[in-house]
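Take a look at the protein below.

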Amino acid sequence: MIEEIDVRKAAVAMAAARRARGISRTSLAASAGIGLQSIRNYETGRNLPGLANLNRICLALGMSIDEYTGFRARRREYEASNMVHMLPVLSDNTVRNELYP
């Protein structure tokens, strides 16, 4: 399953992470080795960073790429929804006994 990055959510996540750490855009740009205008564009959702810049930003903010993109949360939701479908199978004693004798 291929997912697209929600540009707006990624922008909000980046800005929120930066603010939570008390880092200015200027400091983030300097730490990540990226231009200030690029940081502004990423935080406003005008552009998405390429993989190299995304990695630099995440390292400077101390966050994972999954946190930035929101994939980790969606993966957990996906896994949880799939576990719900397994519950009827696991509640059947016959199946349970065959799986766990």
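## Confidence

This is a predicted model. The average for the protein is 77. A pLDDT of at least 70 is reached by 63% of the residues.

One is residues 86–92, with four contacts in the model beyond near neighbours in sequence. The other is residues 94–101, where the pLDDT is also below 50. That stretch, too, has four contacts beyond near neighbours in sequence.

## Two helices that cross

Two packed helices are described by the angle between their axes and the distance between the axes. Now take helix H1 (residues 7–20) and helix H3 (residues 36–44). Their axes come within 6 Å and cross at roughly 120°. H1 is therefore oblique to H3.

Which residues make the contact? From H1 come Arg 8, Ala 11, Met 14, Ala 15 and Arg 18. H3 supplies Ile 39, Tyr 42, Glu 43 and Thr 44. By type, the residues of this contact are five nonpolar, three charged and one polar.

## A residue of H3

Asn 41 lies in helix H3. Is Asn 41 buried or exposed? Its relative accessible area is 12%, under the 20% cut-off, so Asn 41 counts as buried.

What does Asn 41 touch, leaving aside its neighbours within four places in sequence? Asn 41 is in contact with Arg 46 and Asn 47.

Key. Residues numbered from 1 in each chain as written. Predicted model: local features only at pLDDT ≥ 70, side-chain atom pairs only at ≥ 80, totals over all residues. Heavy atoms only, no water. Axes fitted to C-alpha atoms, helices over the stretch in contact; angles between N-to-C directions. Helix = DSSP H or I, 4+ residues; strand = E, 2+ residues; numbered from the N terminus. Parallel < 35°, antiparallel > 145°, perpendicular 65-115°, else oblique. Contact = heavy atoms within 4.5 Å. Nonpolar A, V, L, I, M, F, W, Y, C, P; charged D, E, K, R; others polar. pLDDT = per-residue confidence, 0-100. Buried < 20%, exposed > 50% of the residue type's maximum accessible area, 1.4 Å probe, protein only.
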